[in-house]
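Dear colleague,

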Amino acid sequence: MKFKFKSNLDYQNEAVKAVVDIFEGQPLAQSNFTVTNLDSQMSMINTTKGISNKLVTDEDDILENLRRIQLNNGIKQTKKLKKDDYHFTIEMETGTGKTYVYLKTIFELNKKYGFSKFVIVVPSIAIKEGVYKTLQITEEHFKGLYENIPYDYFIYDSKKLEQVRNFAISDSIQIMVINIDAFRKSFTDPTKETKANIIHRRNDRLSGMKPIQLIGQTNPIVIIDEPQSVDTTSNSKKAIDSLNPLCTLRYSATHVDKHNMLYRLDSIDAYEKELVKQIEVASITSQDSDNDAYLELISVDNKKSPITAKIKLGIQKGNKIDYKIKTFTVGDDLWEASGYRDIYEGYQITDIYTKEGYESVYFSSKDPIELGEVRGKGLSDDEVKRAQIRKTIQEHLDKEVILNKKGIKVLSLFFIDRVSNYRYYDEDGNPQKGKYALWFEEEYKKVRSMPKYNDLLEETDIEYDAEVVHDGYFSIDKKGRFKDSRTTKKGKLRANKADESTFNKIMKNKERLLSFEEPLRFIFSHSALKEGWDNPNVFQICTLNETGSEVKKRQEIGRGLRLAVNQEGERIQGFDVNTLTVMANQSYEDFVMGLQKEIEKEEGIKFGIVEDHYFANIKIIEDDTPKNLGQKKSEKLWEHLLDEDYINNKGKIQDKLKKDLKDNNVQIPDEFSKAKDAIVSKLRKVAGNLNIKDNSKKKTVKLNKKVYLSPKFKELWNKIKYKTTYSVEFDEEKLIEECILDIRDNLHIGKAKLVYAKAKVDINEAGTSAEELNRELVIVDDPQYELPDIITYLQNKTNLTRKTIVEILIRSKSIKLFLKNPQKYMDEIADIIQRKMKYMIIDGIKYRRLGENEYYTQELFENKELTGYLEKNMMKANLHEDKYPYEYVVYDSEVEETFAKRLEKDSHVKVYAKLPNWFKIDTPLGSYNPDWAVLFDKDGEEKVYFVVETKYSTLNEDLRGKERSKIECAKQHFKAIKTEAEYMETNSYDKFVDRVYEENDEVVYNPQYGYDKVAEE
């Protein structure tokens, strides 16, 4: 099977044209120079003519061309350009064919201007092999496209310097592929020349010249593949300069330095145009599984004293476990930091080791933990990873059912943490299957036997044998054994020379991997396939390495973004076929959030940001001629958006614009009327969705000093301001009985479980998002736990005696559930006991007012800021007369809004207050904030009323037990402060007034009306 290449893809031709047009006005031209040939005795015998690129176009013309290209492509224009700044950037998302694009650019530059010398600089062996492979498989294609034009390509080899000489003297197109490491090391000091790369050493066969000098005389066009990994150091930059380039063309999806951008096809464009695969993110996470000591070493720091380490651990918060990152020093105890959870005993820090590559934290009686290591994920790490393998196999076979019929072979790729988990060697040096290989084969046999996959055997000639469908691609040591790839000092995986055999194997068999005749479908790799390799038919990527791995999400998904190829070598378009499922080792929400951060950092994309050149390339018709809106008009439009509060001064979209876009009411100046539709369309792309609350309407509410300082308001406040405290009594036997009944009726403890969730990822100018597609439980074997001290745990949580706790556990006959899921059981039991205690406490609660100086001061109204949202949850106050201490009433519901409006209109109401959230009553169930305080004129007598609740319903059964109990506590508080204030709760203003005038009658509870009917009725 051979790959078929299309030469008419618009986006690729636009990228080629952007580079070719830089030299517009340049005639066909070449220069000559002299190359000296020496015989075997090193005596001069003849000279040969060398051929070099020649640039005629001057700086002004290059700059003019550059600005025109940037305008057409919607890129911010370069203002100045010098000859030593002929570095041009082309950004293309991974998987969109950047290698093909720059190879085609070579032929176009030769065809139009006669340039013939090209050097492709790459950062690694993997990419070098990938480029060379592409040169091989495109040779027939390009010769057919360019009339069999002769050209040579080769990988630079220091042992074959005759290739460098031929590069210099040949009059045909010459393409040299070279790794930056082959010429990064040079020394100007002659005494150190032997330490330099051979390319920088003088060579007698070149008449004492250095090979690099001969290359430099050709004035080559230098193409830098992945420049963010090539020339980010001063030595690398000097090495590139030593090639004496006519210019550099820099191709990547993730540039660090963006020199004179010519063309941009970023991840957003590629995704929206369906030029790459759609991404699904699946995850396996544990649920109800807090029975082990979770630890993750995030970082260590020795820059300041004392040395610190950031560790993520599970912290007891009430009856829940909250996983947080905390900073520790030597001597700190994780047991204490965890909220005294028994499972963290022995984790007192004795040492923090910070040497690069060996960062770790040591404990008093537990094994040390290394940087990036994750320990105690609830269900064991092995169970999670095995589940990941099983679900990846299922996803793979699900796609085979559909895609085999379309002639598309499905591949899956696993990134693993260490080779020994897949292949290891016994004492006799014989290779053995590691746990991942064994798990894979066991799970593959189980999944493959499902009835829905029976038809797969009939669709291909392949026998689906578990042993032949998977293999590993790893580095090989001198003994021929697989090994982990080398790591840098910072812990990043990096290819080495031993990897070259791996790369050769995988690159040379790229087409065979796509054939149904090849049984291999599942590839396990440590790092060999991490960069410089991809395969269009990778549909699943499973990350079995640790969460703290240095492998980036974009790097991982880049191995499978390319569009799929069928058995005829043809690319298949459309998301209906092209969906990449990433089996992440974190929740899909975290994955998508991390992906957005990486895109922002690596591509420089500013989601939800409008830049001042954003509209420059919008096409308008003037005098029947299409032209660009231009940079100046784009800047003017940007200023208009700022004036309209559509964006802030950094260009960030504001909710006012989102609202006007939703209402089709965006204000655009008349001078842009011809381009209005295009402008609004671009704004929609970058704006995203409207938030529930319109932040542009957010307002800080000011005090109404006239009311706030009035005698009436002071009178009201002085009657309600006092604080109270409470004491309680309860019947212990009754508590035991109540707890037993609740446990028997309501306690359900499930085993710790794994949850599989999958979500579709969307990438647009507003940001990345995930839409959940499905969620299901994954069955696992019963895990084994070390049982904690349940009696002590519950005693600490409830303050009950050990005897009482034992009585509850034994008589409830629920202790067998403790063995099922210890932490979950303890937390649920603690919650039941605490809840019953609180409700029983209410029956015996007694409040008393604190001292004369214990109260909420009126000045708090000035010191505490109050905010609300216009048209959302605030209304103008004091419309009829001054009776409210703020200019606006901020409400929480429609009932409260109606209540406030009636208070405003009622002439009997002298002053009122929506009690601020800092006005709280202490209760055993937590603090409580009443709703309103009202000073009411009843028949000439002014009285204060507390309206504690304004609910849709005040029926007991419609209020949650906890909330109802708080209200009961509030009643006792109001009695205790003895301010002659009346307490009531109601669900309408009319009922409030009825209660005011009926308060001297005997009030009874009526299910139909609530507390508003007298006894006689």
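Strand S11 (residues 295-301) and strand S12 (residues 308-317) run antiparallel and are joined by 6 bridges; strands here are DSSP E runs of at least two residues and helices DSSP H or I runs of at least four, both numbered from the N terminus. Val 300 has Ala 309 as its bridge partner in S12. The two strands belong to an open sheet of 4 strands, in the order S13-S12-S11-S17 with antiparallel pairing, where two strands pair if DSSP finds at least two bridges between them. Strand S13 (320-328) and strand S17 (374-375) each have a single partner strand and stand at the edges, so one side of each is left without a neighbour in the sheet.

Before the rest, some notes on the source. The model is predicted, so local features need pLDDT of at least 70 and side-chain atom pairs count only at pLDDT 80 or more, while totals for chains, interfaces and linings use all residues. Residues are numbered from 1 along each chain as its sequence is written, and side-chain values use heavy atoms, with hydrogens and water left out.

Strand S4 (residues 117-122) runs parallel to S6 and is joined to it by 6 bridges, with Val 119 partnered by Met 176. Strand S5 (residues 151-155) is also parallel to S6, through 5 bridges, and Tyr 151 stands opposite Ile 173.

Ring pairs link Tyr 151 into a cluster with Phe 5, Tyr 100, Phe 107, Tyr 132, Phe 142, Tyr 146 and Tyr 153; rings of Phe, Tyr and Trp (its six-membered ring) pair if their centres lie within 6.5 Å, and planes under 30 degrees apart count as stacked, over 60 as edge-to-face and the rest as tilted. The charged end of Lys 143 sits over the ring of Tyr 151, 5.7 Å from its centre, the criterion being NZ of Lys or CZ of Arg within 6 Å of the ring centre and within 35 degrees of the ring normal. Arg 849 has its charged end over the ring of Tyr 722, 3.8 Å from the centre. Thr 138, in helix H4 (residues 125-145), is buried at 0% relative accessibility. Leaving aside neighbours within four places in sequence, Thr 138 is in contact (heavy atoms within 4.5 Å) with Phe 5, Tyr 100, Leu 103 and Tyr 151.

The count of aromatic pairs comes to 38. Among them, Phe 414 and Phe 524 are stacked, at 4.3 Å centre to centre and 5 degrees between the planes. Phe 414 lies in strand S18 (residues 411-415) and Phe 524 in strand S24 (residues 522-525), so the pair ties together parts that are 110 residues apart in sequence. Phe 414 is buried, with a relative accessible area of 0%, and Phe 524 is buried at 0%. The rings of Tyr 912 and Trp 932 have centres 6.2 Å apart and planes at 45 degrees, so this pair is tilted. Tyr 912 is in strand S37 (residues 909-914) and Trp 932 in strand S38 (residues 932-938), so the pair ties together parts 20 residues apart in sequence.

As to nonpolar cores (sets of buried Ala, Val, Leu, Ile, Met, Phe, Trp, Tyr and Cys residues joined through side-chain atoms within 4.5 Å), the largest has 75 residues, and Phe 23, Leu 109 and Leu 249 have the most contacts inside it. Helix H3 (residues 98-113) gives the largest share of this core, 8 residues. A second, separate core of 42 residues includes Phe 713, Phe 861, Tyr 912 and Leu 935. Phe 713 is also one of the buried residues of helix H21 (residues 711-720), with Leu 716, Trp 717 and Ile 720. Seen down the axis of H21, these fall within an arc of 95 degrees, so they line one face of the helix; the arc is that of the directions from the helix axis to the C-beta atoms.

With kind regards

Definitions and conventions: Buried < 20%, exposed > 50% of the residue type's maximum accessible area, 1.4 Å probe, protein only.
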